[in-house]
Amino acid sequence: MVSPSESARTLSRDLRANRVIVLHLDGDMFTGGATVPFLGRQIAVPKGPARLSRMMGSPIGFAYSRRRRDRRLDVFIEPPMSPVSSADEELDVTRTLVERVEKCIAEAPHQWCIFRKL
């Protein structure tokens with residue numbers, strides 16, 4: 001885990017080393033962001049995944065987990081999205097990622113919680 005103040009440098013170094021990085025879309029560990037519809041409201045979400053994809057030419061994966069009754073997790077990994085090719089595309093990709101989060105919540109609302117005001 002890296003702090004927001006050092007994350008861009010650290011994340012780009014990890015991507016150049018061909019490592020996988022994980023960025024949370026539903027957290028509150030960012031400043032700025034893109035305003036997108038989410039669960040019937042307009043909220044700010046991080047632009048980091050789309051921006052980093054464009055800057056580094058990296059594909060974007062989307063994964064989520066669901067807790068089972070036996071306290072284990074099932075992890076679901078969707079096919080990767082192509083790297084973002086332009087600054088104009090960043091908002092569209094961010095919206096797409098947020099729509100995927102909404103779909104996960106709609107399919108299993110009991111599996112999700114957030115600790116910030118929407």
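Buried means under 20% relative accessible area, exposed means over 50%, and partly exposed lies in between, with a 1.4 Å probe and protein chains only. This is a predicted model, in which local features need pLDDT of at least 70 and side-chain atom pairs count only at pLDDT 80 or more, while totals for chains, interfaces and linings use all residues. Residues are numbered from 1 along each chain as its sequence is written, and side-chain values use heavy atoms, with hydrogens and water left out.

**Stop 1: helix 2**

Select residues 48-56, which make up helix 2. Helices (H or I, at least four residues) and strands (E, at least two) are DSSP runs, numbered from the N terminus. In helix 2, color P49, A50, L52 and S53, which are buried. These residues lie on the same side of helix 2, because they cover an arc of only 165° around the axis; the arc is that of the directions from the helix axis to the C-beta atoms. Next, select G57, which follows helix 2 and has a positive phi, near 70°.

**Stop 2: the nonpolar core**

Now select F38, I60, F62, V93 and L97. They have the most contacts inside the largest nonpolar core, which has 17 residues. A nonpolar core is a set of buried Ala, Val, Leu, Ile, Met, Phe, Trp, Tyr and Cys residues joined through side-chain atoms within 4.5 Å. Strand 1, strand 2 (41-45), strand 3 and helix 3 each supply at least two residues of this core. Helix 3 gives the largest share, six residues. In soluble globular proteins, nonpolar side chains tend to be buried together.

Keep I60 selected and show its surroundings. Leaving out residues up to four places away in sequence, I60 touches P49, A50, S53, P80, M81, V84, V93 and L97. Contact here means heavy atoms within 4.5 Å. P49, A50 and S53 were among the buried residues of helix 2.

**Stop 3: salt bridges**

How many salt bridges does the structure hold? There are nine salt bridges, each being a side-chain nitrogen of Lys or Arg within 4 Å of a carboxyl oxygen of Asp or Glu. Side chains of opposite charge can pair when their charged atoms come close.

Select R66 and E107 to see a salt bridge of 3.0 Å, N to O. R66 is in strand 3 (residues 60-67) and E107 is in helix 3 (residues 87-107), so this pair ties together parts that are 41 residues apart in sequence. R66 is buried, at 18% relative accessible area, whereas E107 is partly exposed, at 44%.

K103 and E107 are four residues apart in helix 3, so about one helical turn separates them. K103 is partly exposed, with a relative accessible area of 49%.

Another pair in helix 3 is R95 and D92. Their closest N and O atoms are 3.1 Å apart in a salt bridge. R95 and D92 are three residues apart, so about one helical turn lies between them. R95 is partly exposed at 30% relative accessible area, and D92 is partly exposed at 43%. An α-helix has 3.6 residues a turn, so residues three or four places apart point the same way.

To finish this stop, select R51, R54 and E90, which a network of salt bridges links.

**Stop 4: loops**

Go to the loop between helix 1 (7-16) and strand 1 (34-38) and select H24. H24 is exposed, with a relative accessible area of 59%.

N18 is in the loop between helix 1 and strand 1. Most residues other than glycine have a negative phi. N18 counts as exposed, at 70% relative accessibility.

Select R71 next, in the loop between strand 3 and strand 4. R71 has a positive phi of about 75° and is not a glycine. At 72% relative accessibility, R71 is exposed.

**Stop 5: a surface patch**

End at strand 4 (residues 73-81), where L73 is placed. Select L73, V75 and I77: together they form a nonpolar patch on the surface with about 320 Å² of accessible area. Patches are made of residues with over 30% relative accessible area and no salt bridge, with like charges joined within 9 Å and nonpolar side chains (Val, Leu, Ile, Met, Phe, Trp, Tyr) within 5 Å. Accessible areas come from the Shrake-Rupley method with a 1.4 Å probe, and for residues only the protein chains shown count as cover. L73 is partly exposed, at 46% relative accessible area.
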